[in-house]
Amino acid sequence: MAESQHDHDKESSSTPTDIDDDGSRRDFLTTASTVAMAGGLIAGYGPLAAMAGRYLYPAKDHNDAWQYVAIVDEITREESLIYQSPSGARVVIARQGDGNTAGDFVALSNVCPHLGCSVHWEPQNARFFCPCHNGAFDATGKATLGPPAQANQSLKQFPLQVVGNQLYILAPLVSIVEAEPRSNMARCSHAVREA
Amino acid sequence: MGRLQAWFAERVPVTGDQFRELTNEPVPNHLKRWWFCLGGTPAYLFLVQIVTGILLAFYYQATPASAYESIRYITHEVNYGWYFRSLHKWAATFMIAAVILHQMRVYFTAAYRRPREINWVIGMCLLMAALMTGFTGYSLVFEQLSYWGATVASNLSDAVPIVGPIAKQMLLGGEEYNEHTLSRFYIVHAAILPASMILLLIVHITLIRLHGVTELRFADEPADKPGHFNFFPEHLYTEIIVGLVLMILLSALATILPAELGPKADPQTTPEVIKPEWFFYVSFRWLKMFSLTFAVLSTGFIVGAMFVWPWIDSLLMRVTKSRDISVYIGIAATILLIGLTIVEAVLEH
């Protein structure tokens with residue numbers, strides 16, 4: 001009790017400067033502990049949030065694979081192939097050069113580069129047409145009308161490679177729904193006529 | 001005070017008077033006109049969506065292999081499945097229409113002005129959430145139009161600088177529509193967006209109660225007429241009547257024009273004629289008119305401007321010295337909105 005009284009006397013005899021010092025020390029400690037608490041929370045929950053974000057961000061799938069298309073000599077300038085991958089993706093494969101390297105061939109996707117709808121060949125207009133936003137492409141896949149033409153886009157090309165005398169295409173293996181059973185190859189006398 | 005009442009009062013220490021004081025906000029007279037109740041209308045329809053959505057969730061399966069079949073099962077096999085699915089569809093349509101009309105009412109009566117700017121921003125968040133809910137819900141059906149609509153919309157985000165490609169990956173669960181996409185749409189549609197909307201609604205209504213409803217006086221009202229009426233029970237009765245009329249209308253539409261089921265999604269073939277839900281007709285036509293980059297950036301600019309409109313309006317008023325400048329801009333925007341919607345509805349391509 002005597003000690004407590006002594007403390008009280010000491011406190012009541014403090015000068016205004018002492019009180020300011022106490023106040024600023026208290027302010028400093030309050031701020032420092034708030035910052036430390038915020039830092040602790042960020043350090044604790046931040047990694048958890050980052051891990052949750054990483055968890056939600058899709059992992060890379062390995063859906064594409066090299067698939068056999070044809071013997072290179074069998075593809076001529078007059079005749080192209082409509083190749084259908086196991087996923088159902090339809091690809092027009094045509095010869096562009098006279099050699100037998102991958103660069104002598106082109107494999108056009110049927111996916112519109114504008115917003116991902118599928119294009120179809122219109123024989124009467126000799127063009128690929130996208131029904132979503134009225135995009136059109138010529139036989140080589142170059143955009144001629146609509147938003148893809150404004151953005152100077154062309155139909156995507158699938159990677160090709162020649163091994164020996166065999167042509168391979170890098171195309172998706174699986175689709176979200178089962179592809180309709182049909183022959184995976186068709187020949188066309190016109191470069192882009194669909195089977 | 002009876003023993004039961006005393007028991008209850010001890011555990012919930014709020015008196016009837018205190019509760020009335022807390023909740024019985026005076027409501028301005030103009031809210032007796034039903035078109036000023038368009039804020040309560042989407043709230044009621046949201047409730048209908050939650051109830052019918054929960055019922056549909058008992059049968060719906062969010063996988064590409066079974067989504068379409070589960071919808072077919074709900075529509076054709078489950079008792080009253082067609083009714084609840086149709087109610088869900090029509091209530092969604094009405095809810096978006098009511099949110100748009102509510103926002104137009106707030107806009108044209110300048111009810112977003114100081115000090116209600118933040119509530120306008122929250123309202124915009126609710127509009128965006130409602131549109132997103134409509135989009136993800138439509139995609140869950142997994143029919144041709146909904147599949148291709150989802151494909152187009154998700155590819156759109158690719159054109160948004162920096163965050164677009166990441167947003168697309170997060171929404172689709174991959175580079176393109178894949179076996180994980182439907183479950184993501186489902187969780188966004190049935191959990192994330194409704195929970196966010198409930199939180200936003202709580203803040204929205206709290207701010208309305210704190211600020212009070214914007215006062216509007218009509219020229220034909222006598223000056224000595226009381227300016228307010230009670231929330232309980234008068235305004236609540238109005239809202240209940242609006243709800244009942246809506247439920248009759250929804251039931252009639254669900255019976256006469258039930259939700260249909262188009263062909264199942266075929267990821268290899270886009271239908272010859274493709275249209276999104278009516279509330280996206282404007283964006284769809286806009287995309288046909290301009291290049292992708294311009295269409296996306298201009299849409300982003302317009303939506304961004306709508307979010308901060310209270311401050312733009314304040315600036316415009318200072319610059320033009322006209323209090324009605326926003327009204328003229330609003331009329332022009334509404335004509336454009338309706339015009340493009342009609343053009344998209346009428347034209348096949």
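# Chatting through chains A and B

Trainee: Starting with Tyr80(B): buried or exposed?

Mentor: Tyr80(B) counts as exposed, because its relative accessibility is 57% and the cut-off for exposed is over 50%. Keep in mind that this is a predicted model.

Trainee: Where is Tyr80(B) found?

Mentor: Tyr80(B) is in chain B, in the loop between α4 (67-76) and α5.

Trainee: And what about the phi of Tyr80(B)?

Mentor: Phi is positive there, about 60°, although Tyr80(B) is not a glycine. In general, most residues other than glycine have a negative phi.

Trainee: Which other residue has a positive phi although it is not a glycine?

Mentor: Ile162(B) is one, with phi at about 65°. Ile162(B) belongs to the loop between α7 and α8 of chain B.

Trainee: Is Ile162(B) buried or exposed?

Mentor: Ile162(B) is exposed, with a relative accessibility of 76%.

Trainee: Switching to peptide bonds. What is the bond from Arg114(B) to Pro115(B) like?

Mentor: The bond from Arg114(B) to Pro115(B) is cis, and its omega is near 10°. Pro115(B) sits in the loop of chain B between α5 (81-108) and α6 (117-139). For background, most peptide bonds are trans.

Trainee: What joins Phe232(B) and Pro233(B)?

Mentor: A cis peptide bond, with omega about -5°. Pro233(B) is part of helix α10 of chain B, residues 231-256.

Trainee: Now chain A. How many helices and strands does chain A have?

Mentor: Chain A has three helices and eleven strands. Along the sequence, the order in chain A is α-α-β-β-β-β-β-β-β-β-α-β-β-β.

Trainee: How many of the residues in chain A are buried?

Mentor: 35% of the 195 residues in chain A are buried. The accessible surface of chain A is about 11600 Å², and carbon and sulfur atoms hold 57% of that.

Trainee: What about contacts in chain A between residues 24 or more positions apart?

Mentor: Among contacts in chain A with a separation of 6 or more, 53% are between residues 24 or more positions apart.

Trainee: On to the two chains together. How many residues does the contact take from chain A and from chain B?

Mentor: It takes 27 residues from chain A and 35 residues from chain B. Chain A and chain B bury about 2500 Å² between them, with 58% of that on carbon and sulfur atoms.

Trainee: How many salt bridges are there between chain B and chain A?

Mentor: The count of salt bridges is zero. Polar contact between chain B and chain A involves six residue pairs, both residues at pLDDT 80 or more.

Trainee: Which elements of chain B give two or more residues to the side that touches chain A?

Mentor: They are α7 (144-156), α8 (163-172) and α11 (281-289) of chain B. α7(B) gives the most, with six residues. By class, this side of chain B has 18 nonpolar, eleven polar and six charged residues.

Trainee: Last one, His133(A). Where is it placed?

Mentor: His133(A) is in the loop of chain A between β6 (127-130) and β7 (135-137).

Trainee: What does His133(A) touch?

Mentor: Leaving out residues up to four places away in sequence, His133(A) touches His114(A), Leu115(A) and Pro147(A), along with Val152(B), Phe284(B), Leu287(B) and Lys288(B).

Trainee: Why is His133(A) called buried?

Mentor: Because its relative accessible area is 2%, and buried means under 20%.

Key: Residues are numbered from 1 along each chain as its sequence is written. Chains are lettered from A and ligands numbered from 1 in the order in which they are written. This is a predicted model: local features need pLDDT of at least 70, side-chain atom pairs count only at pLDDT 80 or more; totals for chains, interfaces and linings use all residues. Side-chain values use heavy atoms; hydrogens and water are left out. Contact means heavy atoms within 4.5 Å. Buried area is the accessible area (1.4 Å probe) that two parts lose on being put together, summed over both. A salt bridge is a side-chain nitrogen of Lys or Arg within 4 Å of a carboxyl oxygen of Asp or Glu. A polar contact is a pair of N or O atoms within 3.5 Å; within protein, one must be able to donate a hydrogen and the other to accept it, and residues adjacent in sequence count only if both atoms are side-chain atoms. Helices (H or I, at least four residues) and strands (E, at least two) are DSSP runs, numbered from the N terminus. Ala, Val, Leu, Ile, Met, Phe, Trp, Tyr, Cys and Pro count as nonpolar, Asp, Glu, Lys and Arg as charged, and the others, Gly among them, as polar. Buried means under 20% relative accessible area, exposed over 50%, partly exposed in between (1.4 Å probe, protein chains only). Accessible areas come from the Shrake-Rupley method with a 1.4 Å probe; for residues, only the protein chains shown count as cover.
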